[in-house]
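This briefing is a guided reading of one protein model, intended to be followed with the structure open beside the text. Please look at the model first, and then take the topics in turn.

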Amino acid sequence: MPKPADAAKRPEETAIAGQRSYLTRGSGAYRRASLALFLSGFSTFSLLYCVQPLLPIFSQEFSVSPAESSLSLSLSTGFLALAIVCAAAVSEGLGRRSLMSISLVGAALLTVATALAPNWQQLLVIRALQGFVLGGVPAVAMAYLAEEIDPRGLGASMGLYVGGTAFGGMSGRVLTGIFAEYLSWRPALFLIGAIGLAAALGFIALLPPSKNFVRRPGFDPSFHARAWFGHLANPALPFVFAIAFLAMGSFVTIYNYAGFRLVAPPYSLNQTELGLIFTVYLFGIGAASIGGLIGDRIGHFSVLLFGLALTAAGSALTLSAALPSIILGIIVLTAGFFMSHSIASGLVGRLALGTKGHASSLYMLAYYVGSSLVGSAGGWFLAIDGWAAVVAFTLVLLTLAFISACAAQRLARKKT
């Protein structure tokens, strides 16, 4: 009997399986690829999440509720989730490098267009289109790493990529908050778009061409369907996808609505102060890289479970009324989430049997659907019973994520 995803494996993949030429840690090509993927993560997430500190401003300027203002982010992540599935298929013919390059440049230009949107409806349309364009990056970046990096160093390189996403998420939020404080929100988004475009050009200049990817001309729907269903038939992978949905949804919920709490009395933070809180993303950068390195040494599931527990502890800490404790909670939450995401995304490449781009696309689909649906649903809990309800909601989700990680660990061991 063939293993679940074997039926979807390309003949070309089987032919080159024994003669792959990997990028090894310490080589010049490895360093260029690592920096390029760091820039892709930075650009993607700075452009995607730059509107998050602006949600209270949008709510006031366009006379919409907190939940409605979150649509400027949720629509982007929702359309990104849909695009990721298409991106995996398109990259089989177009190539990983080409698709990521087009996506990064297009998303940067659309951020500039967002700054010029005349009304709320058009702003949402542009943000939705931007999310769709960005879909060409996350799943394809993970597939590129899984295909090109020596498996013995994959945890570290994946951690560096996730660190780039953390740095981008932090920079987009912090810089947007500062720019908005002194220049207003439209110039802020214009400048973020320009920075994203510069990062995209750096990515194009640095990323080495794929050596282990074999282009598949044309479009074969049955091939892609077999690939996706093959990964869903893998006993452990659906639980890893569930972790992506639950953990990301919890993380975005806290970040979406913490701003509404902190700009109101008794904290009354201004946009610069609110934006500076997002510097805690630095802890996510460190945790992603450290988590990947430790996972390579002591076991990835052990680090994953620890990261999820840390995320839950951080969420609970934000229940405190003291501002330092709230900030500490966000720090712990951020470190735990990025550690978990770094490990879980790396596990997809390890557990998938062939067609790793399709496996990555399913992981990122779950990741961004969680961001979109759960991130918006958190606004309902805020309206119903305040911050305590938001935290209770995230803790339930993180408990389910922890249970999913335990199930994935057990099934992965049974499989091997």
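Helices H2 and H6 cross each other in a left-handed manner. The model in which this crossing is seen is a predicted one, and the protein it describes has 17 helices and 0 strands. Of its 416 residues, 61% count as buried, and among the contacts between residues at least 6 apart in sequence, 84% join residues at least 24 apart.

**Helix H2 and its partner H6**

- The axes of H2 and H6 lie 10 Å apart, and the two helices pack at an angle of about 30 degrees.
- Since angles under 35 degrees count as roughly parallel, H2 is therefore roughly parallel to H6.
- On the H2 side the meeting residues are Ser40, Ser43, Thr44 and Leu47, and on the H6 side they are Leu104, Ala107, Ala108 and Thr111.
- Sorted by class, the residues in the contact of H2 with H6 comprise 4 nonpolar, 4 polar and no charged ones.

**Helix H2 and its partner H7**

- Helix H2, which covers residues 28-49, also has its axis come within 11 Å of the axis of helix H7, residues 120-134, and here the crossing angle is roughly 165 degrees.
- Angles over 145 degrees count as roughly antiparallel, so H2 and H7 are described as roughly antiparallel to each other.
- The crossing in which H2 passes H7 is left-handed.
- From H2 the contact involves Thr44, Leu47 and Leu48, while from H7 it involves Arg127, Gln130 and Leu134.
- The contact of H2 with H7 contains 3 nonpolar, 2 polar and 1 charged residues.

- Thr114 belongs to helix H6, which spans residues 96-115.
- Is Thr114 buried or exposed? With a relative accessibility of 2%, Thr114 counts as buried.
- When its neighbours within four places in sequence are set aside, Thr114 is in contact with Leu123, Ile126, Arg127, Trp185, Arg186 and Leu189.

**Aromatic residues**

- The structure holds 18 aromatic pairs, and one of them, formed by Phe251 and Phe337, is stacked, with 4.3 Å from centre to centre and 10 degrees between the planes.
- Phe251 lies in helix H12 (residues 237-263) and Phe337 lies in helix H16, so this pair ties together parts of the protein that are 86 residues apart in sequence.
- Phe251 is buried, having a relative accessible area of 2%, and Phe337 is likewise buried, with a relative accessible area of 2%.
- Which residues form one aromatic cluster? The cluster is made up of Phe45, Tyr49, Phe251, Tyr255, Phe337, Phe338, Tyr363, Tyr367 and Tyr368.

- Ile326 is found in helix H16, which runs over residues 323-351.
- Ile326 has a relative accessibility of 2%, and therefore counts as buried.
- Although Ile326 and Ala316 are 10 residues apart along the chain, their C-alpha atoms are separated by 9.3 Å.
- Apart from neighbours within four places in sequence, the residues in contact with Ile326 are Arg261, Leu262, Tyr267, Thr318, Ser320 and Ala321.

**Backbone features to look for**

- Most residues other than glycine have a negative phi, and most peptide bonds are trans.
- Ser63 is not a glycine, yet it has a positive phi of about 55 degrees, and it sits in the loop between helix H3 (55-61) and helix H4 (66-69).
- With a relative accessible area of 65%, Ser63 is exposed.
- Ser184, which is not a glycine either, has a positive phi of about 85 degrees, and it is placed in the loop between helix H9 (154-183) and helix H10 (185-206).
- Ser184 counts as partly exposed, at 34% relative accessibility.
- Pro265 and Pro266 are joined by a cis peptide bond, with an omega of about 10 degrees, and Pro266 lies in the loop between H12 and helix H13 (271-277).

Key: Residues numbered from 1 in each chain as written. Predicted model: local features only at pLDDT ≥ 70, side-chain atom pairs only at ≥ 80, totals over all residues. Heavy atoms only, no water. Axes fitted to C-alpha atoms, helices over the stretch in contact; angles between N-to-C directions. Helix = DSSP H or I, 4+ residues; strand = E, 2+ residues; numbered from the N terminus. Parallel < 35°, antiparallel > 145°, perpendicular 65-115°, else oblique. Left-handed = near helix turned anticlockwise from the far one by under 90°. Contact = heavy atoms within 4.5 Å. Nonpolar A, V, L, I, M, F, W, Y, C, P; charged D, E, K, R; others polar. Buried < 20%, exposed > 50% of the residue type's maximum accessible area, 1.4 Å probe, protein only. Phe/Tyr/Trp six-rings, centres within 6.5 Å; stacked < 30°, edge-to-face > 60°.
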